[in-house]
Amino acid sequence: MPLVKIYLKNRVAIDKKGIANSLRVIMQQVLHVPLQDGPVTFLEIEDSNWFMPEGWDDEFVFVEVLMFPGRKKETKETLISEFADTLSQFLNISKNSIITTLHEPNLDNWGIRGGKQASSVGINFDLDV
């Protein structure tokens with residue numbers, strides 16, 4: 001059950017729904033998650049609160065993906081690469097301006113299905129992809 005947060009400087013007229021749907025398709029294809037999984041949240045920061053270090057592109061985008069552990073290194077590499085491709089196209093920015101971080105807490109640290117640990121209720125898809 002990947003949860004995606006996208007941090008970016010406030011932009012006018014971006015297709016958030018298109019981005020979210022495209023990232024969700026990538027997660028389904030790469031991570032093999034069910035169709036209904038993969039909420040995407042946009043956290044837009046006002047110009048007055050966006051401070052990049054000197055020499056950094058002002059259009060940087062930061063992506064955090066919180067997901068169950070167990071995927072292979074190659075799978076995670078594909079996910080990161082395809083996210084960068086998609087976001088660079090939708091936002092018309094360089095792939096070099098996209099930083100993605102994957103967080104994989106142990107299944108004991110996920111509360112799902114009414115407050116039960118994910119490790120005790122079972123997952124209905126394969127994590128070893």
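Leaving out neighbours within four places in sequence, Val63 is in contact (heavy atoms within 4.5 Å) with Val4, Lys5, Ile6, Phe83, Leu87, Ile98, Ile99, Thr100 and Thr101. The model is predicted, so local features need pLDDT of at least 70 and side-chain atom pairs count only at pLDDT 80 or more, while totals for chains, interfaces and linings use all residues. Residues are numbered from 1 along each chain as its sequence is written, and side-chain values use heavy atoms, with hydrogens and water left out.

Val63 also turns up in the nonpolar core. Such a core is a set of buried Ala, Val, Leu, Ile, Met, Phe, Trp, Tyr and Cys residues joined through side-chain atoms within 4.5 Å; buried means under 20% relative accessible area, exposed over 50%, and partly exposed in between, with a 1.4 Å probe and protein chains only. The largest one holds 32 residues, and Ile6, Val63 and Phe83 touch the most other members. Two or more residues come from each of β1 (3-9), α1 (16-31), β2 (40-45), β3 and α2, and α1 gives the most, with 7 residues. In soluble globular proteins, nonpolar side chains tend to be buried together.

Now to the rings. Rings of Phe, Tyr and Trp (its six-membered ring) pair if their centres lie within 6.5 Å; planes under 30 degrees apart count as stacked, over 60 as edge-to-face and the rest as tilted. The chain has 4 aromatic pairs by this rule, and here are two of them:

| Pair | Centre to centre | Angle between planes | Type |
|---|---|---|---|
| Phe60 and Phe62 | 5.8 Å | 20 degrees | stacked |
| Phe68 and Trp110 | 4.7 Å | 75 degrees | edge-to-face |

Phe60 is buried at a relative accessible area of 9%, whereas Phe62 is partly exposed at 21%. Phe68 and Trp110 are both buried. Their pair links distant parts of the chain, 42 residues apart: Phe68 lies in the loop between β3 (61-66) and α2 (73-91), and Trp110 in the loop between β4 (98-103) and β5 (111-112).

Stepping back to the whole chain, there are 3 helices and 6 strands, taken as DSSP runs (H or I of at least four residues for helices, E of at least two for strands) numbered from the N terminus. Their order is β-α-β-β-α-β-β-β-α. Of the 129 residues, 38% are buried. Among contacts between residues at least 6 apart in sequence, 75% join residues at least 24 apart. The C-alpha trace spans about 45 × 25 × 25 Å along its principal axes.
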